[in-house]
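I opened the model to look at one helix and at the ligand beside it. These are my notes.

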Amino acid sequence: MFNNLSDKLDKALHTLKGHGQITEINVAETLKEVRRALLDADVNFKIAKDFTKKVQTKALGQNVLTTLNPGQLMVKLVKDELTELMGGDTVGINLGGSPTVILMSGLQGSGKTTFSGKLANYLKTKKTKQVLLVGCDVYRPAAINQLQVVGEQIGVEVYAEEGNKNPVEISKNAIAHAKANGKNVVIIDTAGRLAVDQEMMTEISNIHKAINPQETLFVVDSMTGQDAVNTAKAFNDILNFDGVVLTKLDGDTRGGAALTIKSVVDKPIKFIGTGEKMEAIDVFHPDRMADRILG
Ligand code: GDP
C-alpha cells in the first residue's frame, strides 16, 4: 500500500531534477499527493492541511533533490511526522489498583461489548489476570446476554444483576464481588446509544465518578469517519478518558479517524479491533497506522 505513495512522490520529485534548487512550489506540488492520500483516508481537511504545511517546512529545511532517492526521503519525512502525530510509541493500559477497574464508553454498535470480551481474553491469556466482566446495560437485556455469551466463550465470569436498573450500584457491587472472589481486573461494559444524548452522558459520568476507574477507554467504530471525531470529543469532555479503542479496522477504512481523533482529543489510541473474533485485538502501532493512512 505504502509503495503507491512512495512511487508517486519519487516520480514527482524526479521530474524536478535538473530544474535546479528545490523550491517551495516543487515541494508543495508533491505534498498535494500527500494531502490527497490523507483526505482519501478520511482525515479531517484542516488537519490534513496543517500536517502538509508542517512537512513542507521540514522538507524545505533539507535538500531533498540532492539525495539519491528524493521520493523515499519525502515519504520518510511524511511517515515520521504522521507517526509522531499519532503518539509515536505504543501506549499500554494502566493495570494498577486492586482490582484494576476498566470502564468502557462509546456509542451503541461501536464494538464495546465485543472489545470488552477481547480485552478480557487478552489480559487473561497474556498477563495471567483474573478478570471479571460486568454488564451495565440496564436497558437492553440482549446486551447482557451478548456479554454472557462472550464470557462463556472465553471462560471469563460475567457479573450482572437482573432487575437492577441502577448501573452505578451494579458497578459498585461488581467491584465488591471481584474483591471477594480474587479477581484483579474488572471490565465494565456500559450502555451506549445510537447518538450522543444527555441521558447517556449523565449515566456514564455518574458511573465514572462513583468507581474512579484506573482506565477509561473510549471505543469507536473506525468506519464512522468524521462522526467519530465529534463523538470522541463529546465523551472526552465528560469523562476525560485515558485512551481510545479503534474498532473494525478489518473493514476497508484507511483509518484516518486515528489521526483526526488523536489531533482533536489528544489521547492515545491504545488498541485496535480487527474482526469479530475474540482474538482480533492488537495494541495500536502508530507507525503501522501511518503506513495504512498513506495507502
Ligand atoms: P456495542 O453495542 O458497542 O457493545 O457493540 P458490539 O460489541 O455489540 O458490536 C457491534 C457489532 O460490531 C457486532 O456485530 C460485532 O460483532 C461487530 N464488531 C465489533 N468489533 C468489530 C471489529 O473489530 N471488526 C468487525 N468486523 N466487527 C466488529
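Entry 1. I listed the buried residues of α5 (buried means under 20% relative accessible area, with a 1.4 Å probe and protein chains only): K112, T113, F115, S116, G117, K118, L119, A120, N121, Y122 and L123. That is 11 of the 15 residues of α5, so the helix is largely enclosed by the rest of the structure. Helices here are DSSP runs of H or I with at least four residues, numbered from the N terminus.

Entry 2. I noted the basis of the values. Residues are numbered from 1 along each chain, and side-chain values use heavy atoms, without hydrogens or water. The model is predicted, local features need pLDDT of at least 70 and side-chain atom pairs pLDDT 80 or more, while totals for chains, interfaces and linings use all residues.

Entry 3. I checked the length of α5. From first to last C-alpha it reaches 20 Å, close to the 21 Å expected at 1.5 Å a residue; the expected span is 1.5 Å times one less than the number of residues. After α5 comes T128, with a positive phi near 45°.

Entry 4. I turned to the ligand. Helix α5 (residues 112-126) gives the most to the shell around the ligand, 4 residues. Among the 16 residues around the ligand (a heavy atom within 4 Å), G109, T113, T114, D250 and E276 come nearest.

Entry 5. I looked up backbone contacts. A backbone N or O atom of K112 lies 2.8 Å from a ligand oxygen atom, and one of G111 lies 3.0 Å from a ligand oxygen atom.

How values were computed:
Polar contact = N/O pair within 3.5 Å; in protein donor to acceptor, adjacent residues only side chain to side chain. Helix = DSSP H or I, 4+ residues; strand = E, 2+ residues; numbered from the N terminus. Buried < 20%, exposed > 50% of the residue type's maximum accessible area, 1.4 Å probe, protein only.
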